[in-house]
Amino acid sequence: MAQDGTPQLICLTASSGVPLFTRGANRQLPFSVIGSLNGVHMFGGSQGVVVSSSSTEGGGKVVWRVFQDSVMLIAVCRGGHGGAGSSSREEQVFLQRLLENVWNCMVLVLGQDELGNVRNVERLKKDLRSCFSLIDQLLEDGQEGVFGNLTHCADSLLPPDPGLLQEAVDGFAKSADSEFGCLIVRGRIAAATEKWWRLAPQEVVLLSALVRSLAGSGTNSCDYPVFLPRGSPNVAHRLLRFQLLPGADVCILCGPTPSLHRAETRLVVPFWAPLMETLRACLAVGQHCLPASVSLRPDVMAVLLINRETRRCVTCVQPNLQTSDPPLPSRQRCWELLKLFYSFSVTRYFPQEDTLCVVPEDKDPRSNAEDFVLSFSHNPLQCYLVTEECKSFGLQTPQHQLFLLTPLSVPTFALQTLASQTLSDIVSATGF
């Protein structure tokens, strides 16, 4: 049904099925198809059955989700969204996460009260337009190395001099009478205050996505009202964002004060002007996300490292400098394979430690993936996968999860040693 690889998202009122918006895919689904998808869900509900997902004859996937008994979101994806090697289970994980993220994105921008009590459908349609740029970012999933939408962990960058940046962020937030401050470099968090890290993990992920969206608007500063889906779904806070350098933004969550003008003229320059060279060094780290003190072995193609305690993650794809037969996957393909292997691992072996911003009645019942995990008499700590393109290895410790891609030339028996050494090298050098 979907016309290209981008999932199509449909939003309707849950009670009457009135379409609120559709996003994604080049060609919109016919109204008759949208009505049929809504009708299938409503018929199931009238029979006491919750319709959550379905597969099409062509290998596509449809996922339904109702939030607050008010808004229904439907995601439609043709077969093989993740590319070669993806399966129905991985696609379902991706689409379920997408619906959760879109709902919380809507709450972030409009507040839960306006979405939970639809009084004027036409006005809501108009208000929802302010969410489109952020929703499109979630749908397109275009920035390489950003995994937070899938992992619900904050995408992080480990700067070469974290102490100076941490001190600046803490001081800047305090001077603005706020306890919530964050420095985002290349779309990833380089430093943040303690209270920022105490926000719900998905709130941190969505705020980072919002800052990326605002940074793409071309403005140097902005004052944007936001609702925190878990912490403050009905009372707005102010998000003040300032561009320090192209690719480096600092932001704070605050109340009525300070004004945008006062913060920009009296606070930004004193705290950040002395740190321009430090910021440039941080920008130089770029998508590698790891400082020069971390040296990965050349047979490591890509890494995703998750800190299970802090709900942060770092990713890295090394430049392809080797020649091999068959050829090594491209950089973009490595990102795709890393996401696929993460989905493969958490749907079969490793638990998904989500702290989702949804109320209990909105949570899905136990899935087949959870039944699969519960069938083990032990907790899996390692897994590996060999495909036609690469070898992948997953390693779980009490504090970390590591997902690794290597060339096919690496012996399978050496994957465990390589993964353990990579984890040790990163943690010992950065303390992550």
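Which strand does Thr-13 lie in? Thr-13 belongs to strand S1, which covers residues 8-13. This is a predicted model, in which local features need pLDDT of at least 70 and side-chain atom pairs count only at pLDDT 80 or more, while totals for chains, interfaces and linings use all residues. Residues are numbered from 1 along each chain as its sequence is written, and side-chain values use heavy atoms, with hydrogens and water left out.

**Overall make-up**

- The protein chain holds 14 helices and 16 strands; helices (H or I, at least four residues) and strands (E, at least two) are DSSP runs, numbered from the N terminus.
- Of its 432 residues, 53% count as buried, where buried means under 20% relative accessible area, exposed over 50% and partly exposed in between (1.4 Å probe, protein chains only).
- Among contacts between residues at least 6 apart in sequence, 64% join residues at least 24 apart; contact means heavy atoms within 4.5 Å.

- Thr-13 counts as buried because its relative accessibility is 4%.
- The side chain of Thr-13 reaches the backbone nitrogen of Val-18 at 2.9 Å. A polar contact is a pair of N or O atoms within 3.5 Å; within protein, one must be able to donate a hydrogen and the other to accept it, and residues adjacent in sequence count only if both atoms are side-chain atoms.
- Apart from neighbours within four places in sequence, the contacts of Thr-13 are Val-18, Leu-20, Ser-70 and Val-121.
- Ser-70 sits in the loop between strand S4 (61-67) and strand S5 (71-77).
- With a relative accessible area of 7%, Ser-70 is buried.
- Not counting residues up to four places away in sequence, Ser-70 touches Leu-12, Thr-13, Ala-14, Leu-115, Gly-116, Asn-117 and Val-118.
- Ser-70 and Val-118 are 48 residues apart in sequence, and their C-alpha atoms are 7.3 Å apart in space.
- Asp-69 lies in the loop between S4 and S5 and counts as exposed, at 70% relative accessibility.

- Helix H5 (residues 132-140) has seven of its nine residues buried, so it is largely enclosed by the rest of the structure.
- The buried residues in H5 are Phe-132, Leu-134, Ile-135, Asp-136, Gln-137, Leu-138 and Leu-139.
- H5 packs with helix H9 (residues 201-215) at an angle of about 110 degrees, the axes being 10 Å apart. Axes are lines fitted to C-alpha atoms, for helices over the stretch in contact, and angles run from 0 to 180 degrees between N-to-C directions.
- H5 and H9 are therefore roughly perpendicular to each other; angles under 35 degrees count as roughly parallel, over 145 as roughly antiparallel, 65 to 115 as roughly perpendicular and the rest as oblique.
- The crossing of H5 and H9 is right-handed. A crossing is left-handed if the near helix is turned anticlockwise from the far one by less than a right angle, and right-handed if clockwise.
- From H5, Ser-133, Leu-134 and Gln-137 meet Ala-209, Leu-210, Arg-212 and Ser-213 in H9.
- The contact of H5 with H9 has three nonpolar, three polar and one charged residues. Ala, Val, Leu, Ile, Met, Phe, Trp, Tyr, Cys and Pro count as nonpolar, Asp, Glu, Lys and Arg as charged, and the others, Gly among them, as polar.

**Helices H7 and H10**

- Helix H7 (residues 162-175) packs with helix H10 (residues 260-272) at an angle of about 160 degrees, and their axes are 10 Å apart.
- H7 is thus roughly antiparallel to H10, and H7 passes H10 in a right-handed crossing.
- Leu-165, Ala-168, Val-169, Gly-171, Phe-172 and Ser-175 in H7 meet Leu-267, Val-268, Phe-271 and Trp-272 in H10.
- The residues of the contact of H7 with H10 comprise eight nonpolar, two polar and no charged.

**Backbone exceptions**

- Most residues other than glycine have a negative phi, and most peptide bonds are trans.
- Asp-69 has a positive phi near 55 degrees.
- Cys-289, which is not a glycine, has a positive phi of about 65 degrees. Cys-289 lies in the loop between helix H11 (276-285) and strand S12 (302-307) and is buried, with a relative accessible area of 0%.
- The peptide bond from Thr-257 to Pro-258 is cis, with omega near 0 degrees. Pro-258 is found in the loop between strand S11 (248-254) and H10.
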